[in-house]
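Biologist: Thanks for joining me! Shall we go through the model together, a question at a time?

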Amino acid sequence: MDLKSARSLIAEAAAGFYRRGWVLGTSGNFSAVLEREPMRVCITSSGKHKGELSADDFLLVDERGSVLEGDGKPSAETQIHLALYEEIGNCGAVFHTHSVWGNLLSDRCSGEGAIVIEGQEMLKGLAGVKTHEHREEVPVIENSQDYDALSGQIREIVSARSDIHGIYLRRHGLYTWGDTIEDARRHIEIFESLFEVTARAR
Ligand SMILES: [Zn+2]
């Protein structure tokens, strides 16, 4: 994956998410791995409007989040993206949205520790899921401004749970990932749709 293609695929996906109301007011962030050795990640810079991302709104960072290319500031959440890339060997893209339905559901489900979705045809859009008779758990963790602590918690969860496709920061937003940008984009669409169905049903 080259920087130019990554930027345009992410910008296209983000504009769609913005139109659906999942990344309003500069919320959310998106990244993709361009190279693993050495680690080179293309990520949206902090504070950019996700409905109209241009080439200048992306940064190239290394495995520590240091900026190698681009003028903006990396989001504080860059650490979470890097932790996911380190823990999940084939992870090629990490997408993060802030939707209304996901937010409400994360709050409602925080006592159980996860948003559980079962018996829905749309689950088949998640990588490796072959039937609607599937139980998907999206762990819900408390939100925090301490990104070291959050990244540590996320590392622990994904290293213990290879079956999950996403994690929710309570009253904040969804982190999901995929082997490619297309997979991560599909996972956002699948989860956000399932969150809305589940939350409305409740
Ligand atoms: Zn966020």
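Biologist: Is D163 buried, partly exposed or exposed?

Modeller: First, the ground rules: this is a predicted model, where local features need pLDDT of at least 70, side-chain atom pairs count only at pLDDT 80 or more, and totals for chains, interfaces and linings use all residues. Residues are numbered from 1 along each chain as its sequence is written, and side-chain values use heavy atoms, with hydrogens and water left out. Buried means under 20% relative accessible area and exposed over 50%, with partly exposed in between (1.4 Å probe, protein chains only). With a relative accessibility of 42%, D163 is therefore partly exposed.

Biologist: Which side chain meets that of D163 in a salt bridge?

Modeller: A salt bridge here is a side-chain nitrogen of Lys or Arg within 4 Å of a carboxyl oxygen of Asp or Glu. D163 belongs to a network of salt bridges that also links E118, R135, E137 and R161. The N to O distance is 2.9 Å, and the partner is R161.

Biologist: How many residues apart in sequence are the parts that D107 and R171 tie together?

Modeller: Their side chains form a salt bridge at 3.0 Å, N to O. D107 sits in helix 3 (residues 100–109), and R171 in the loop between strand 8 (166–169) and strand 9 (173–178). Helices (H or I, at least four residues) and strands (E, at least two) are DSSP runs, numbered from the N terminus. The bridge therefore joins parts that are 64 residues apart.

Biologist: How many disulfides does the whole structure have?

Modeller: The criterion is a pair of cysteine sulfur atoms within 2.5 Å. For C42, the nearest cysteine sulfur is that of C91, 14 Å away. The search finds zero.
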